[in-house]
Amino acid sequence: MKDSTLALHWGYEKDRQKAMQVPIYMTTAYEYDSTEHAARLFNLEIEGNIYTRIGNPTTKVFEKRIAALERGTEALATSSGMAAIFYSLSNLVQTGDNIIISNKLYGGSITLSTHTLNRLGIKARFFDVHNPEELNDLIDDKTKAILIESVSNPALAVPDFEGISKVAKERGIILICDNTIATPYGVKPIELGCDVVVHSASKYIVGNGSAIGGVIVEGKSAKEKLLTYRYPQFNEPDESYHGLVYNEKFDAPFIARARLALLRDFGAVMSPFNAWLMILGLEHLHLRIKAHSENALEIAKFLKSQKDIKKVNYPFLEDNENYVYAKKYLKYTGGIVSFVVENFERAKNIANSLKIFSLVTNIGDSKSIVTHPASTTHQQLSKEELIKAGVDEGLIRLSIGLEDVDDLIDDLKKALSD
Ligand SMILES: *Cc1c(COP(=O)(O)O)cnc(C)c1O
């Protein structure tokens, strides 16, 4: 089946009620047939519903659909994108380990890596996604993960997927790709050698700014890497499950451990209601991402024609430093366009003058949004970290919505002339 068909049908079997839309199983727990049945479920001898923190039938449909769209084996929904990223990393590391992250990541992923994980004794090392050779010098025996974004937020860097995945494969390190902005219709990172894909489903997946959620998808290649000495937690008995060995029991051990150990213990589970909203979002993601991308390219071209704009970032602009990678790997780059004006004050004035664009810290809504990262999403970063993340103080990020593009351009024209 093709993607749009999968997104509408995959993973849902109608029950006796024959409901066309996936029902919302708003339930905390599920009845067991007997204490013996319960014991077998808890001991993972049989599959079935136990408790919604570990799994839910509505959420399962969302997980199956996103796994299919990303060409993964299994998926796990989480309460937010940050929870998905935290679980993906903490599934691999322990105190004393290190991770290698792109120097152009979402602000939350940078603070997670450099502050919160750092306090747990996990060090982050930075690399340039256009210079995969840097990885070879950074990798050591304690390196457990490489984290990149397929289109980075807000710098819009598109990685050299082939170069990075080649090193990750040679060295046996799990490569995680945050595919929030490109979505599986823009690129399928697993097909380009990534082992794990994460999303903030709060953005294009839900598509209308109505709910927070995240998801982790495991690719087939993850298991080969998890079978090595680098990842003992997948090869040694887990005493909290009577000696279960994840690599022995599961075809998708990464998701199995994230669900059975991390969701069990940390509990950042997606609400079944939110999973249902994500299912609705996935139904027309293919139409929306195309429309967002078309509008965004027109706006990028308009901004480019304006004299007092220092720089316009959109990977599909031919003079953009990401163009070769975008052309090679991406079908769509999503609706994010950023541009740099003279200084902090000018950026603030433009952001404040826009009328159709709302001043909001979000992306991927059907309505257009303007963000000034230096005063909001990236405010907690130091000047040095801002430069590293590719965030100029005069940078304005636009998330182009589904309004008529002429109205959006008019709004920008007025704000720029204020
Ligand atoms: C928003 C975002 C996140 C965080 O997701 P939440 O759902 O807000 O927790 C992570 N990565 C990227 C690229 C994002 O845009």
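Helix H4 (residues 81-90) packs against helix H12 (residues 253-266) at an angle of about 115°, and the two axes lie 10 Å apart. Here axes are lines fitted to C-alpha atoms, for helices over the stretch in contact, and angles run from 0 to 180 degrees between N-to-C directions. The model is predicted, so local features need pLDDT of at least 70 and side-chain atom pairs count only at pLDDT 80 or more, while totals for chains, interfaces and linings use all residues. Residues are numbered from 1 along each chain as its sequence is written, and side-chain values use heavy atoms, with hydrogens and water left out. Helices (H or I, at least four residues) and strands (E, at least two) are DSSP runs, numbered from the N terminus.

H4 and H12 are therefore roughly perpendicular to each other, a term that covers 65 to 115 degrees. From H4, Phe86, Tyr87, Ser88 and Ser90 meet Phe254, Arg257, Leu262, Leu263 and Phe266 of H12, where contact means heavy atoms within 4.5 Å. By class, this contact of H4 with H12 has six nonpolar, two polar and one charged residues. In this scheme Ala, Val, Leu, Ile, Met, Phe, Trp, Tyr, Cys and Pro are nonpolar, Asp, Glu, Lys and Arg are charged, and the others, Gly among them, are polar.

Helix H12 also holds arginine 259, which counts as buried at 11% relative accessibility; buried means under 20% relative accessible area and exposed over 50% (1.4 Å probe, protein chains only). Leaving aside residues up to four places away in sequence, arginine 259 touches Ile54, Gly55, Lys60, Glu63, Ala75, Leu76 and Arg264.

Turning to the annotated site, the unreviewed UniProt entry carries the annotation "modified residue: N6-(pyridoxal phosphate)lysine" at Lys203; such annotations may be inferred rather than shown by experiment. Lysine 203 sits in the loop between strand S6 (196-200) and strand S7 (214-218) and is buried, with a relative accessible area of 12%. Its contacts, not counting residues up to four places away in sequence, are Thr180, Asn362, Ile363 and Gly364.

Some backbone details deserve a look too. Most residues other than glycine have a negative phi, and most peptide bonds are trans. Asparagine 153 and proline 154 are joined by a cis peptide bond, with omega about 5°, and proline 154 belongs to the loop between strand S4 (143-149) and helix H7 (161-171). Threonine 183, in helix H8 (residues 183-186), has a positive phi of about 65° and is buried at 1% relative accessibility. Lysine 18 has a positive phi near 60°, but counts as exposed at 58% relative accessibility.

Notes:
Parallel < 35°, antiparallel > 145°, perpendicular 65-115°, else oblique.
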